[in-house]
Amino acid sequence: MKKQFLLISSALISVLSFTNAQIDGSKVSLYLPFDGNISDLSGKNVVVNPSTNAAATGTVTYEEGKFGQCGVFALSPIVTTNIDFVSDKDYTICTWLNMAVLPSVTNAGQTWLQQKDVTTPATSTGRILLEALKGNYYGSNGNNVRLDHKVDQIPVILEINKWYHVAIIQNATENKKSLYVDGVFIKDTVMLGTVADASNNGQLVIGGAKAESGNAVIKSGSRMDDLLITREALSAETIKTIMTNGVASALATGIRTNKGVKPAGCFYSSNLLTVTLGQAENLSKVELFSVTGQRVMNDVMSGANCSFHISLNKGIYLMKVSGSKTQSTVKFAVN
């Protein structure tokens, strides 16, 4: 079932506190929940389109995934435009993956995420950021540094039709990259060394190699869900939170709650935001913020139910309602 809106409500004490949030929304480069489409919900105006390569004969479809729906790939790579991602800076890439066929059966590694080559400001090769290798294990070759799912140099063989949460974390300050699978730390390695083409700001291909064709394109209906790319090195605790609760939930964690106060609810459709309070109260202050923290609405309510005309772009929003009786937030996503 396609989820048009994600609603999460939390009643708050009189002073709303959002310190210790798990993810800095201003640093999110791409968020694809794959709930019936390939729309980016980062709020950064990233456009994701199907590949126009003649070999990309498939179309991304959707079925039940880990959080809502997932994207099903079969010769159907998709390509970003306008993404803000640089390969030699801090970043975290995390997602759920489910292989419908082993790479050993396709006789080729299966590339889930690769950056395009660029020629400006300098020539730089696009590395494979996330893949299932021909030896049937997950790994990364970002900046020409391998980081694979191995224990004591022995590959951990993946199972078909099984979900795995895979996270690649790069910490530029500490000059290291780390791999987590299913929330468990696997290993880390030196990040850059002396690689000449370390820095790359190219666009990303998802579900295929940078050429958008060839044997490495994802085949046979393998699945991806809840893809997050952010320009910060997330902590192990945050990775576990994302794995357990989903990206959208992690974007608004760290809120102190008071179960004695009733929360607000909301519904958005056709440029109309309808807000419902848990109890009647006049002149409650209503504020709406984008995931980056920008306030896009500031108004007041008259009574327990009000509607506001507002045009919202695709993305995640946080609504705060403040009154003498009701202090609450509601988070929702516009798809």
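Which strand gives the largest share of the lining of the second largest pocket? That share, three residues, comes from S24, in a predicted model where local features need pLDDT of at least 70, side-chain atom pairs count only at pLDDT 80 or more, and totals for chains, interfaces and linings use all residues. Residues are numbered from 1 along each chain as its sequence is written, and side-chain values use heavy atoms, with hydrogens and water left out.

**Second largest pocket**
- The second largest pocket holds about 280 Å³ of space, a volume being the space filled by probe spheres set on grid points that are joined across faces, edges and corners.
- A pocket is here an open set of points on a 1 Å grid over the protein atoms alone, where a 1.4 Å probe fits, with protein on both sides within 12 Å along at least five of seven lines, and lining residues have an atom within 4 Å of a point.
- Of its 19 lining residues, Gly43, Lys44, Asn45, Asn313 and Lys314 are the closest to the centre, while strand S3 (47–50) and strand S24 (315–322) each give two or more residues to the lining.
- By class, this lining divides into eight nonpolar, eight polar and three charged residues, where Ala, Val, Leu, Ile, Met, Phe, Trp, Tyr, Cys and Pro count as nonpolar, Asp, Glu, Lys and Arg as charged, and the others, Gly among them, as polar.

**Helix H2**
- In helix H2 (residues 236–245), Thr238, Ile239, Thr241, Ile242 and Met243 are buried, that is, under 20% relative accessible area with a 1.4 Å probe and protein chains only, against over 50% for exposed and in between for partly exposed.
- The cover over these buried residues includes S7, S14, S15, S18 and helix H3 (247–250), and H2 is followed by Gly246, whose phi is positive, near 95°.

**Leu272**
- Leu272, in strand S20 (residues 272–276), counts as partly exposed because its relative accessibility is 28%.
- Leaving aside neighbours within four places in sequence, Leu272 is in contact (heavy atoms within 4.5 Å) with Phe267, Ser307, Phe308, His309 and Ile310.
- The C-alpha atoms of Leu272 and Ser307 are separated by 6.5 Å, although the two are 35 residues apart along the chain.

Key. Helix = DSSP H or I, 4+ residues; strand = E, 2+ residues; numbered from the N terminus.
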